[in-house]
Amino acid sequence: MIFLTGGAGFIGANFVHHWLAAHDEPVLVLDALTYAGNLESLAPAAGDPRYQFVRVDICDRATVAALLARHRPRAILHFAAESHVDRSIHGPGDFIRTNVQGTFELLEAARAYWAELPAADKAAFRFLHVSTDEVYGSLGPTDPAFTETTPYAPNSPYSASKAASDHLVRAWHHTYGLPVLTTNCSNNYGPYQFPEKLIPLMIHNALAGKPLPVYGDGQNVRDWLYVLDHCRAIDRVLAAGTPGQTYNIGGHNEVKNLDVVHTLCNLLDELRPHADGRSYREQITFVADRPGHDRRYAIDASKIERELGWTPQETFASGLRQTVQWYLDHAEWVQHVTSGAYRQWVDRQYGAALA
């Protein structure tokens, strides 16, 4: 069995579906179900006997420790995190609690559990920490892409909290010998993403006839990674990564934000055209830039490609088309997420157990 924290979030839920499709091994999902944790994203797995869900806050070390002792997983995959830069600017405390304190509590629970394992199980155990390229800061237009040895220079409360968690994971390996693995990924997109992020927000607003807000001049560059490519990379790192090592995961897709929005509009013009023939581009609206907005991110993923043989399967064009089609086909999921109706679904599904 593996444990997966934050499994009701965007990347975590996608990983659960990937794991169950690719492996026979059971997975126990731990999630506190904060605002972006959505059990509807895990609904396709609900009838699978290999899947279990427990509502728990990773800051609750005692409960996590009891679950470890009961289920005896061979690995912990740590996805749980507050992850939206805008929210971190307005409310940094939640990010410090979840990303820093939560990672510390999880590491301590894992260390105590790992220390008591039989020798063979102890040698096989892994703690895989999922992080972000934002810990490296911002790049200029001609700067080389981030590598695993790029100095940390976080610029937002979110990226600072993730940098802190990365450092904790590294320290628990070097100080205590805990067999950890760390991945730093570029911007993910795909199914089940909470519609505060750029791509699902633009799709949602476009279909609702609302403005498509673009920060600043729209020239900020991100390396876009299709979420299932990311899941396949994490799977590969878990299977073959070297304890103590970091692996950067990128999609080889550096695209300006405005170009992302233009491409989305073109796809929607094709797949869900306005009745009057207008282009969705007419809804684009430029808004004031957010504070400390990093100009460019880019990932050098040559290490994971060279050492573990992983490369992304999707281009930006193929991944984005699949993503747009998924949101068009799952309007009910989007409606529930944006209305809060999925919280009622949680209460109906689990009742007092999730109160």
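Me: D133 is buried yet has no salt bridge; which side chain of opposite charge is nearest, and how far away is it?
Reply: This is a predicted model, where local features need pLDDT of at least 70 and side-chain atom pairs count only at pLDDT 80 or more, while totals for chains, interfaces and linings use all residues. Residues are numbered from 1 along each chain as its sequence is written, and side-chain values use heavy atoms, leaving out hydrogens and water. Buried means under 20% relative accessible area, exposed over 50% and partly exposed in between (1.4 Å probe, protein chains only); a salt bridge needs a side-chain nitrogen of Lys or Arg within 4 Å of a carboxyl oxygen of Asp or Glu. With Lys and Arg counted as positive, Asp and Glu as negative, and His and the chain ends not counted, the nearest side chain of opposite charge to D133 is R222, at 6.8 Å.

Me: Where is D133 found, and which residues does D133 touch?
Reply: Helices (H or I, at least four residues) and strands (E, at least two) are DSSP runs numbered from the N terminus. D133 is in the loop between β5 (126-132) and α6 (157-176). Contact means heavy atoms within 4.5 Å; leaving aside residues up to four places away in sequence, D133 touches F146, N184, C185, S186, N187, Y297 and I299.

Me: Within what arc do the buried residues of α12 fall?
Reply: In helix α12 (residues 331-339), W333, V334, H336 and V337 are buried. They line one face of the helix, because, by the directions from the helix axis to the C-beta atoms, they fall within an arc of 165°.

Me: Which residues are exposed on the other side of α12?
Reply: The buried set of α12 is W333, V334, H336 and V337. On the other side of this helix, the exposed residues are E332, Q335 and S339.
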